[in-house]
Amino acid sequence: MTAEQVRHARGLLTDPEKTITSIAKLLGVSRTTLYKYVPELGAAGRDSLVAPGSVTALPAPR
């Protein structure tokens with residue numbers, strides 16, 4: 001992956017609507033490649049890519 005693709009992937013991964021599979025397909029790489037170039041995905045998951053306080057909590061279901 002190019003540096004631009006890695007930046008793009010990191011940006012897309014902060015969107016909870018996007019799946020890792022859909023991001024990999026969009027970038028034309030496999031999920032394995034995405035995990036290789038964005039190693040923080042494997043250790044801490046997507047939460048490591050989102051700054052604390054930047055995600056609005058959803059209300060509890062009724």
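**Entry 1: terms and model**

I start with the words for exposure: a residue is buried under 20% relative accessible area, exposed over 50% and partly exposed in between, with a 1.4 Å probe and protein chains only. I note that this is a predicted model, in which local features need pLDDT of at least 70 and side-chain atom pairs count only at pLDDT 80 or more, while totals for chains, interfaces and linings use all residues. Residues are numbered from 1 along each chain as its sequence is written, and side-chain values use heavy atoms, with hydrogens and water left out.

I looked up the confidence next, given as pLDDT (the predictor's confidence in each residue, from 0 to 100). The average for the protein chain is 80, and 68% of the residues score at least 70.

**Entry 2: the whole chain**

I counted four helices and zero strands in the protein chain, where helices (H or I, at least four residues) and strands (E, at least two) are DSSP runs numbered from the N terminus. Along the sequence the order reads α-α-α-α. Of the 62 residues, 24% count as buried. The accessible surface comes to about 4500 Å², and carbon and sulfur atoms hold 58% of it; such areas come from the Shrake-Rupley method with a 1.4 Å probe, and for residues only the protein chains shown count as cover. Taking contacts between residues at least 6 apart in sequence, I find that 47% join residues at least 24 apart.

Which residues of helix α1 are buried? In α1, which spans residues 3-13, I list Val 6, Ala 9, Leu 12 and Leu 13. Seen down the axis of α1, these residues fall within an arc of 130°, so they line one face of the helix; the arc is that of the directions from the helix axis to the C-beta atoms. On the face turned away from the buried side of α1, I find the exposed residues Ala 3, Glu 4 and Arg 7.

I repeated the search for α2, where Ile 20, Ile 23, Ala 24 and Leu 27 are buried. They cover an arc of only 100° around the axis, which puts them on the same side of α2. The face of α2 turned away from that side carries exposed Lys 25 and Leu 26.

I then looked for a nonpolar core, a set of buried Ala, Val, Leu, Ile, Met, Phe, Trp, Tyr and Cys residues joined through side-chain atoms within 4.5 Å. The largest one has 12 residues in all, including Val 29, Leu 34, Val 38 and Leu 41. Helices α1 and α2 (20-27) each supply at least two residues of this core.

**Entry 3: salt bridges**

How many salt bridges does the structure hold? I find three, counting a side-chain nitrogen of Lys or Arg within 4 Å of a carboxyl oxygen of Asp or Glu.

One of them joins the side chains of Glu 4 and Arg 7, at 2.8 Å from N to O. These two residues are three apart in helix α1, so about one helical turn separates them. Arg 7 is exposed, at 52% relative accessible area.

Another pairs Glu 40 with Arg 10, and their closest N and O atoms are 2.7 Å apart. Because Glu 40 lies in helix α4 (residues 40-44) and Arg 10 in helix α1, the pair ties together parts that are 30 residues apart in sequence. Glu 40 is partly exposed, with a relative accessible area of 23%, and Arg 10 is partly exposed too, with 30%.

I also noted Asp 15 with Lys 18, whose closest N and O atoms are 4.0 Å apart. Asp 15 is partly exposed at 27% relative accessible area, and Lys 18 is partly exposed at 32%.

**Entry 4: Gly 28**

Gly 28 sits in the loop between α2 and α3 (31-37), where it counts as exposed at 64% relative accessibility. From Gln 5, Gly 28 is 23 residues away in sequence and 9.8 Å away in space, C-alpha to C-alpha.

Terms used. Contact = heavy atoms within 4.5 Å.
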